Amino acid sequence: MEVKRVHHSKSERIVLRRRRAGVIETVPCTVRYLGPDDHAKAAAFHGRIAEEIGDESLFSAENSIRETLGGKGRALAFFDGDRMVCFRSVSYSPSEVEPAVRDLAIPGMEDRVAVMDFCVIDSSFRGNNLQQISYYLMESIVYADNRNIFYTTVSPKNIYSLANVLECGFCIEDLKRKYAGTLRFVLSKHLDVPTQTSTRNHREVPLHDVRAIRGVLDEGYSGYKLRHRSRGMVILFGKPLA
């Protein structure tokens, strides 16, 4: 399905905090949706942040970025002047959507699924809740494209991203090996169908106890929150209500 045109040149102003040696300062920034002309800058920024973190497999390949900016998805970025400081991407590409549909067991819903690809942030702008802010900005444009089921995967090692995705209303549906055998949580969020998860008699499972997590998922529980306990990080699981 062809996506609608958006005005890539139109930007909105937002004031963010920037960190540098010994100083935290507020700076006016802009946020706008990206198009094909932004590919070089977006790919370079993505590559730099992936290299800083040291695990490029956590993010997207350059051809995926090109596809998204070329119309098979949506992307937005925050800028400090001309410098990109946050880049979020959502894919509608069949190569991304079809595995998502299989993971969620919703055959025939390919035109309704959006795959939340990645969000990378410059280290000097971390702490501004840009993962959540950029997600909610993206959710509105994706919904306008008639995509009402969000899908994403997160590594159990990436505690910060997992906590942010859960805070944005996603639920853990599965834990499986994907992307050359790496372990990932499978999460989804339905924008049109209200979802309810019971917090009574919830189960707390250690974040890195793979067997226990798979056990509660097999019992029909969904993960909805990450909590810190004295024994370490745990995931709260509840039963979805009909």
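Student: Which residue forms a salt bridge with R83?
Tutor: That's D122, and the closest N and O atoms of the two are 3.2 Å apart. Keep in mind that this is a predicted model.

Student: Where do D122 and R83 sit in the chain?
Tutor: D122 is in the loop between β5 and α4, while R83 belongs to strand β4, residues 83-91. The two are 39 residues apart, so this pair links distant parts of the chain.

Student: And is D122 buried or exposed?
Tutor: D122 counts as buried, because its relative accessibility is 4% and the cut-off for buried is under 20%. R83, at 37%, is partly exposed.

Student: Which residues are in the network of salt bridges with D122?
Tutor: R18, R20, E25, R48, E52, D80 and R83 are linked with D122 in that network.

Student: How many salt bridges does the structure hold?
Tutor: There are 16. Another one of them joins the side chains of E167 and K225, at 2.9 Å from N to O. E167 is in helix α5 and K225 in strand β10, so parts 58 residues apart in sequence are tied together.

Student: Switching topic: how do β1 and β2 run?
Tutor: They run antiparallel, and nine bridges join them. β1 covers residues 12-20 and β2 residues 23-33. Together they form a hairpin with two residues between them, and G22 in the turn has a positive phi of about 75 degrees.

Student: What stands opposite R17?
Tutor: T26, in β2. β2 also pairs with β3 (residues 73-80) in the antiparallel sense, over four bridges. There, R32 has A77 as its bridge partner.

Student: What about the largest nonpolar core, which residues touch the most other members?
Tutor: L162, F185 and L187 do, out of 41 residues in that core. Helix α4 (residues 130-144) gives the largest share, five residues. Apart from this core lies another, of 13 residues, with L34, F45, A77 and F79 among them.

How values were computed. Residues are numbered from 1 along each chain as its sequence is written. This is a predicted model: local features need pLDDT of at least 70, side-chain atom pairs count only at pLDDT 80 or more; totals for chains, interfaces and linings use all residues. Side-chain values use heavy atoms; hydrogens and water are left out. Two strands pair if DSSP finds at least two bridges between them. A nonpolar core is a set of buried Ala, Val, Leu, Ile, Met, Phe, Trp, Tyr and Cys residues joined through side-chain atoms within 4.5 Å. Buried means under 20% relative accessible area, exposed over 50%, partly exposed in between (1.4 Å probe, protein chains only). A salt bridge is a side-chain nitrogen of Lys or Arg within 4 Å of a carboxyl oxygen of Asp or Glu.
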